[in-house]
Amino acid sequence: MKKLLMLVVCLSMCLACAASAELTDYNVVTSAQTHKVIFDTDNETDWFGDDSFALLLLLQADAAGYIDLLGVTSAAANVTVAESTTANLNMLEAAGRGDIPVAIGTDVPLAGLHGDDTIAANGLTRINCMKQVLQYGDTVSYDNLGDLLVYAWGYSSLKPVEETAWEFMIEQVNKYPNQVTIMAVGACTNVAMAILSDPTFAEKTAGIYYMGGAIDVPGNDTPCAERNWYYDPEAVDICLRADFPLQVIVPNDISYNQKLTYDRINLIMNAGDNAMTRMIRENAFAKRFENNTDYRESLWDAQVPGIFMCPDFITKTDVRDVAIVTDMGYTYGESVAWEEGKGPENATTCTIVYDVDGDAYWQFMADMLGAQF
């Protein structure tokens with residue numbers, strides 16, 4: 001038995017060393033000492049989408065010492081905050097990371113949910129999350145989803161913290177001034193609430209990375225607007241105008257270039273056997289690729305953590321002046337970009353990331369998710 005135990009320990013050490021050797025091939029520019037992250041996400045475990053890949057990558061980056069993941073905050077856009085909170089808690093429990101706090105945000109946009117007449121008169125779209133917020137309101141919560149429950153996952157034994165998402169953000173930014181990066185990959189309502197609650201909040205962060213907007217391509221919910229920013233344009237406007245030291249946008253444009261494929265899923269599943277790869281095998285693979293190896297899924301959020309850690313993955317980027325349309329009309333929620341220095345007074349200079357080296361990025365994803373830290 002003692003020899004068997006020694007063999008298992010040695011094998012584990014060899015696997016860890018191999019993973020470390022593979023990861024030294026990447027130019028990771030972040031460290032846990034100086035790069036703290038709050039992940040503001042509209043995660044959904046029923047589909048195990050690209051928010052889920054992003055969260056798993058952040059968890060592994062935290063374990064590796066590449067970042068310090070301070071917490072996860074639940075946002076709206078794809079799903080209600082009740083669903084997102086349940087998804088985040090379930091994933092953290094499955095990953096054995098109950099030490100990461102989860103704070104509940106809001107799915108009520110700053111301007112409220114516009115009436116059906118307004119939506120129809122302006123040629124807009126009532127996306128599914130908005131319908132669910134209107135239908136269920138406060139009758140659902142992270143531990144009582146009713147009809148929205150995904151029975152395959154059920155409820156986590158983990159609980160969220162008592163603070164709201166924006167209270168948690170403010171607390172952490174004050175605790176670690178100039179070190180915290182906000183990754184906002186859902187609606188921006190939580191971040192805007194932090195700014196409204198503490199006007200010095202943005203300037204005390206290290207910056208913000210968005211997944212949102214559509215720069216040189218159409219929107220994906222209306223001809224003009226991308227979902228995350230369409231959900232709460234007024235919140236986006238507040239964020240863009242705030243004094244963040246750095247604003248990086250990964251827009252809808254990247255989804256035209258980056259796809260999740262059978263080969264990329266296979267790469268991750270064969271990278272190792274741990275909680276991360278098992279979640280992908282049982283969810284992302286089983287639901288999309290098991291019976292259809294030709295399936296391709298557009299990717300948005302999954303690229304955000306990787307370009308934060310390894311900017312070398314970026315293959316197409318520029319700097320533009322960006323603003324968002326908040327006037328009601330058929331362009332409501334449209335993100336507008338000008339050449340740097342040529343935008344109007346209400347535009348903000350942002351770095352835009354349009355594409356990455358997909359093969360290198362997903363090899364990094366596989367090496368990270370398959371590693372034992």
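Tutor: In this predicted model, the largest cavity holds about 100 Å³ of space. Its lining is made up of 16 residues, and those closest to its centre are Thr45, Asp46, Glu83, Leu145 and Val150. Sorted by class, the lining of the largest cavity has seven nonpolar, six polar and three charged residues. By the rule used here, the count comes to three cavities of 30 Å³ or more, and the second largest cavity has about 80 Å³ of space. Around this second largest cavity there are 15 lining residues, with Gly112, His114, Met130, Tyr231 and Tyr332 lying nearest its centre. Helix 8 (227-231) and helix 9 (233-241) each contribute at least two residues to the lining of the second largest cavity, and by class that lining has ten nonpolar, two polar and three charged residues.

Turning to the cysteines, the structure holds zero disulfides. Cys129 is in no disulfide, and the nearest cysteine sulfur to it, that of Cys188, is 14 Å away; Cys129 also counts as buried, at 1% relative accessibility. For Cys188, the closest cysteine sulfur is in Cys239, at 4.6 Å, which is too far for a bond, because a disulfide needs a pair of cysteine sulfur atoms within 2.5 Å. Cys188 is buried as well, with a relative accessible area of 0%.

Terms used
Residues are numbered from 1 along each chain as its sequence is written. This is a predicted model: local features need pLDDT of at least 70, side-chain atom pairs count only at pLDDT 80 or more; totals for chains, interfaces and linings use all residues. Side-chain values use heavy atoms; hydrogens and water are left out. On a 1 Å grid over the protein atoms alone, a cavity is a set of points where a 1.4 Å probe fits but cannot get out, and a pocket is an open set with protein on both sides within 12 Å along at least five of seven lines; lining residues have an atom within 4 Å of a point. Grid points are joined across faces, edges and corners, and a volume is the space filled by probe spheres set on the points. Ala, Val, Leu, Ile, Met, Phe, Trp, Tyr, Cys and Pro count as nonpolar, Asp, Glu, Lys and Arg as charged, and the others, Gly among them, as polar. Helices (H or I, at least four residues) and strands (E, at least two) are DSSP runs, numbered from the N terminus. Buried means under 20% relative accessible area, exposed over 50%, partly exposed in between (1.4 Å probe, protein chains only).
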